Amino acid sequence: MLLNEVKVRKIVELALTEDVGRADLTSSIVEGERAEAEIVAKEEGVVSGTLPARLTFELLDCEVDVLVEDGERIQPGDIVLKAYGEATALLAAERVALNFLMRLSGIATATRKVVERVREVNPDVIVAATRKVHPITGFLEKKAVSDGGGDLHRFGLDDAVLIKDNHLALVGSVRDAVRRARERVGFTKVIGVEVESIEDAVEAAKAGADHVLLDNMKPAEIRRAVNEVRKVREDVILEASGGITPENAPEYAETGVDVISLGWLTHSAPALDLSMRVRRMT
């Protein structure tokens with residue numbers, strides 16, 4: 001997944017404005033010094049977020065060498081990037097750059113671990129993110145899931161149709177909801193339906209849904225839903241979602257679904273431990 005650098009730059013500018021404010025009062029004590037900085041891994045993981053980290057330093061007139069690309073594994077002691085410039089600028093950039101890298105690398109690392117675990121029991125299953133992301137920076141979190149080997153799912157409401165419980169409450173039935181969606185969006189858009197029962201899953205498949213999301217079901221119930229839907233149609237994409245964590249993800253992968261989606265990846269994955277060390281340039 002490629003990022004729009006202009007969009008990322010604007011976000012980084014806002015982050016620096018928020019953190020630095022009018023001036024970095026503490027770093028005034030090193031004014032006039034030139035230094036080099038290294039961002040170093042303190043634990044094993046998968047890197048994501050090098051673009052916003054690089055832009056953070058560059059916006060403060062520092063030179064940057066990115067040594068590890070997004071999606072690559074790192075070990076404790078590995079240097080992710082180096083930056084050179086005025087000591088005051090390096091120190092002003094430190095927290096913002098680390099916040100991006102630690103948060104996004106944590107998501108990528110967690111995703112890679114889940115992908116590896118579930119593919120031991122189901123080599124073909126897709127691990128996907130959800131739209132449970134932070135506003136404004138959600139696309140960076142989705143990118144981090146991709147860097148970890150996961151799928152992005154929908155970025156926003158304009159990507160695909162996903163008929164959920166509140167839509168169904170207003171329309172009245174799965175069949176009518178799918179029919180209305182097909183009439184309004186045309187044949188080029190995927191139509192998905194989120195259901196909470198085997199009966200509704202079968203109805204969605206019969207109505208012509210491309211994608212049926214089995215929400216908040218236990219693995220045993222999902223296994224039965226998969227069997228029943230496959231009797232109706234082989235080509236429908238089946239996804240398990242709701243309450244899935246890294247611990248129980250393999251159970252859901254074993255049910256035979258095509259996709260498991262975890263909001264956990266973007267709202268609860270722990271940050272990867274990284275730090276920045278600085279030394280004076282002679």
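Q: Which residues touch the most other members of the largest nonpolar core?
A: This is a predicted model, in which local features need pLDDT of at least 70, side-chain atom pairs count only at pLDDT 80 or more, and totals for chains, interfaces and linings use all residues. Residues are numbered from 1 along each chain as its sequence is written, and side-chain values use heavy atoms, without hydrogens and water. A nonpolar core is a set of buried (under 20% relative accessible area, 1.4 Å probe, protein chains only) Ala, Val, Leu, Ile, Met, Phe, Trp, Tyr and Cys residues joined through side-chain atoms within 4.5 Å. Of the 57 residues in the largest one, those touching the most other members are Ile-163, Val-212, Leu-214 and Ile-260.

Q: Why does this core lie between domain 1 and domain 2?
A: The bounds, from an automatic or database domain assignment, are 5-109 + 270-280 for domain 1 and 114-268 for domain 2. The core lies between them because residues come to it from both domain 1 and domain 2.

Q: How much area do domain 1 and domain 2 bury between them?
A: Buried area is the accessible area (1.4 Å probe) that two parts lose on being put together, summed over both. Carbon and sulfur atoms carry 63% of it here, and the total for domain 1 and domain 2 is about 1,200 Å².

Q: Which residue forms a salt bridge with Lys-143?
A: A salt bridge requires a side-chain nitrogen of Lys or Arg within 4 Å of a carboxyl oxygen of Asp or Glu. With the closest N and O atoms 2.8 Å apart, the partner of Lys-143 is Asp-70.

Definitions and conventions: Buried < 20%, exposed > 50% of the residue type's maximum accessible area, 1.4 Å probe, protein only.
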